[in-house]
Amino acid sequence: MSILVGADSKILVQGITGSHGSFHTIQMLEYGTQVVAGVTPGKGGQDVHGVPVFNTVAEAVTETGANVSVIYVPAAFCADAILEAADAGVALIVTITEGIPVMDMARVMDHLGGNDAVRLIGPNCPGIITPTGENQGCKIGIMPGYIHKPGRVGVISRSGTLTYEAVWQLSELGLGQSTCIGMGGDPIHGIDHTEAVELFEADPETEGIVMIGEIGGSDEEDAAAWIKEHGTKPVVGFIAGITAPPGKRMGHAGAIIAGGKGTATEKIAALEDAGVRITRNPSEIGKMMREALG
Amino acid sequence: MKIHEYQAKEVLARFGVAVPEGRLALTAEEAAAAFAELGAPVCAIKAQIHAGGRGKGGGIKLAKTADEARNYTAAMLGMSLVTHQTGPEGKVVQRVWVEKGSAIARELYVAITVDRAQGKPVMMASQEGGMDIEEVAANTPEKIFKETIEPGLGMQGYQARKLAFHLGLTGKGFKAGVKFMIALARAFGELDCSLAEINPLVVTEDGDVVALDAKINFDDNALFRHRDIEELRDLTEEDEKETEAAKHELNYIALDGTIGCMVNGAGLAMASMDIIKLHGGEPANFLDVGGSVTKDGVVAAFKILLSDANVKAIMVDIFGGIAKCDVIAQGVVDAAQEVGLAVPLVVRLEGTNVDRGREILAESGIALKSASSLDEAAKLAVTVAGGGA
């Protein structure tokens, strides 16, 4: 009843000895996530909340069998951290860090482009979570665990807190979530709406999909094209930034209307044309999904 | 981050990009001296502001004598230059660039930006120089030629030659054009630019290829490794409130409406603006306080919101994840007591430490309206701000 991560995922934390890394390691452990290793170069041999720390990702993978990495290292060193994880054969790399230079991500994605064995989530994202019980499951990232409930709706979003808003509504209505993915707000990133929707379509336990987009880029339009051709499950969408002025970067590096492209209106039109139920009111995402599921 | 045209030209020249010779002038006398020093029959006097469309607004003049250079500069300095990019209030001219006039044979267009779909920089070239390139792209996209720059390799010679042929360059101009484009691509990559636009790129009557105008934007996330570039920042060109917000690690963008918004998270901040509009109100700003906001950050945010005279109501919308509701609540209370609350306040708290947050607000005794959902908060804010004004 999930995609990409579940109870059997073994997590390693890059940057585990830093303040963010250490804090969120506790949160992830408390939620029941299998955090098996941490990596901080030069601090191998230590432990953080009982999790052993290694000097290199390769060593951590060999010793613990970790298959997912979550990255909290500072932006300036993040490209290096992602490449190290990929080189060590980690299949899923979740990058939480905000503020990575665009050209760094261009080089990383160019390098990883031909490698089907590696999937990247983020950067600048809340992470990915598969809830399996009351306040428990596999939580990889910074989202508050308690708002999630196991259930039948897959969530993919470019925004953090707006995802929490949608998740909260789904939980309150008793629909719950299969897996929630925050893909992040940067212009160059790993998993996108289309890939996530494809995965949710293939997951038998996911009955409906919530897709939260925002201004900038063409991820939502690309997903609309895919849904139009292949989609079978109900999709409910919201696009943030219909009132955003052009040329202004709305917080996220990727949330900008440039050269008249990437407006909310265009995205909404493409999604509605693909049969996606779009709400203009972010308070009604959950309600609309309940109606869609009947 | 944006910089001025003259700064862009100085930066690009370091990479071997050909630019006309010029001098910066902060006074009319300096402009006259610059004219004499450059020794050209004609010089362009160009107002330096962070906006395009300067020519139409009277920000670019051609001087044939030192006296003309002096007079044009005297008229420009201190004037509010209004262009289609500045908004109706315009931007005050504080410096001019005096540049040797170029004998223009042809005007072309070259730019580099990051193509998000490919995740790589792309160079675009067109023979339609001097035009609004967005219009060219919309009406005659076949007139724009593109080459993707591989991040690991940089721009290759064959790519520049391909574009140079498309631009119709020949002989001396062909060689100069190829050199120009490769140098521009190198500058873009090494300086972490987000945009490098040369419009127009001119071919002179002597066959030289030079940047008549130059616009460069930098990736803010990469400024940490370009301290020399960061020093080029001109704070007088940026919104005062936005600069103040940045000091407190707040993400603020001024808008025209009457409802001040304080939200955590960029997506939720945009959604809050959208829902205000949906209920007939107008947001006064975008404000994302971020995840690791402190009490002092919240106080600073409140001061910024209240410094906008158009604000008739404030809506606080927090979904605590990393941000904690009790911290936000204490900040709101402190701010209200410190700066006084002249306008109605609507608060919606949810998420981490929400119960403690609500207690703090209730115990403080400050006048506020609580909302239990984003929808309710927006409706309340619109009502107390005086309806759908």
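**Exercise 1.** How much space lies in the second largest cavity?

*Solution.* The model is predicted, with local features needing pLDDT of at least 70 and side-chain atom pairs counting only at pLDDT 80 or more, while totals for chains, interfaces and linings use all residues. Residues are numbered from 1 along each chain as its sequence is written, chains are lettered from A in the order in which they are written, and side-chain values use heavy atoms, without hydrogens and water. A cavity is a set of points on a 1 Å grid over the protein atoms alone where a 1.4 Å probe fits but cannot get out, and its lining residues have an atom within 4 Å of a point. The second largest cavity holds about 40 Å³, and its lining includes D186(A) and N221(B).

**Exercise 2.** Describe the largest cavity and the elements that line it.

*Solution.* Its volume is about 60 Å³. Among the lining residues are M143(A), H148(A) and C180(A), and at least two residues each come from β8 (127-133), α5 (161-172) and β11 (177-182) of chain A, where helices (H or I, at least four residues) and strands (E, at least two) are DSSP runs.

**Exercise 3.** State how many disulfides the structure holds, and examine C325(B).

*Solution.* There are 0 disulfides over all chains, a disulfide being a pair of cysteine sulfur atoms within 2.5 Å.

Key. On a 1 Å grid over the protein atoms alone, a cavity is a set of points where a 1.4 Å probe fits but cannot get out, and a pocket is an open set with protein on both sides within 12 Å along at least five of seven lines; lining residues have an atom within 4 Å of a point. Grid points are joined across faces, edges and corners, and a volume is the space filled by probe spheres set on the points.
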